[in-house]
Amino acid sequence: EQVAESASEEAVAALEEAAEASALALAAEADAKVAETQLEVESSAAGVDDAQVALVAAEESGDTAAVEEAKGTLDEASAQLDMAVEDAAAASKEAAALKIQCMQRSRAARGKVSRRRQETDASKKLQRLHRGNAARARVEEIRKARDVMTAHDILEEAKESGDAEAVASAEVGLSAEQQELKIATAIAEDASALVETEPLADKEDAVELASAEQQEAALRIPVSYTHLTLPTKRIV
């Protein structure tokens, strides 16, 4: 049981870690793309500044060809800057949308993890319930076995006394106790089989069943019989 519970907790922790790692990876990728486009904008802006400086120098020199070439360079640098700004804006929008998507995925993952933990806890409760039922059934089986032994002793005493009526009554009592023992044994075997075959944290209705059991347990009022001191006799 401890191994199964540990494995279940590890599975839940793995789901949480995977969801968190996925969200962080997507966010990091988006931030990296934004940073890359920002660098392109800065580089393009520097290129525009250089082209403007070159244009001013060409105009001061009075070289018409140099001026035209500088103007062409400036136009090209300005176009690259415009493209870089557009790419940066698109990357920022995409990063924002991606982060929102990551938040939604993380929320959904946390919901699944929470549901898994609820199912695991509920299944543990069911397992404890099954084990308790099996233990009670086993105790009842032992008690019935003792009743059979007692009835058998009563029959032997009746036979020794030679009282035919007492013998007949003892035989009826022994038969009844043996029948009750068979029933108790069958119940104990079924309860034990349920404990051995019931999977841990693998029931779709585990939460509902555990909740119903909890509600039923809340209605049970314990009663103490320690004040009863008079002996009781069981009548067959």
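How many helices and how many strands does the secondary structure of the chain comprise? The legends below begin with the answer and then turn to selected regions.

**View 1. Overall fold of the predicted model.** The structure shown is a predicted model. Its secondary structure amounts to 4 helices and 0 strands, and along the sequence the pattern reads α-α-α-α. Of the 236 residues in the chain, 25% are buried. The chain exposes about 16,400 Å², and carbon and sulfur atoms supply 56% of that area. Where residues at least 6 apart in sequence are in contact, 81% of these contacts join residues at least 24 apart.

**View 2. Confidence along the chain.** The average pLDDT of the chain is 76, and 74% of the residues score at least 70. Among the elements, helix 3 (residues 164–197) has the highest mean pLDDT, 86, whereas helix 4 (residues 206–218) has the lowest, 46. For residues 1–5 the pLDDT is below 50; this stretch has 4 contacts in the model beyond near neighbours in sequence. Residues 199–207 also have a pLDDT under 50, and the model gives them 23 contacts beyond four places in sequence.

**View 3. The largest nonpolar core.** Twelve residues form this core: V41, V48, A51, L55, A58, V67, A70, L74, A77, L81, A84 and A88. Helix 1 (2–61) and helix 2 (64–161) each contribute at least two of its residues. The largest share, 7 residues, is supplied by helix 2. In soluble globular proteins, nonpolar side chains tend to be buried together.

**View 4. The surroundings of L55.** L55 is one of the residues of the largest nonpolar core. Which residues is L55 in contact with, leaving aside its neighbours within four places in sequence? They are V67, A70, K71 and L74.

View 5. D153 has its place in helix 2. In sequence, D153 and L174 are 21 residues apart; in space, the distance between them is 9.4 Å, C-alpha to C-alpha.

Technical notes: Residues are numbered from 1 along each chain as its sequence is written. This is a predicted model: local features need pLDDT of at least 70, side-chain atom pairs count only at pLDDT 80 or more; totals for chains, interfaces and linings use all residues. Side-chain values use heavy atoms; hydrogens and water are left out. pLDDT is the predictor's confidence in each residue, from 0 to 100. Contact means heavy atoms within 4.5 Å. A nonpolar core is a set of buried Ala, Val, Leu, Ile, Met, Phe, Trp, Tyr and Cys residues joined through side-chain atoms within 4.5 Å. Buried means under 20% relative accessible area, exposed over 50%, partly exposed in between (1.4 Å probe, protein chains only). Accessible areas come from the Shrake-Rupley method with a 1.4 Å probe; for residues, only the protein chains shown count as cover.
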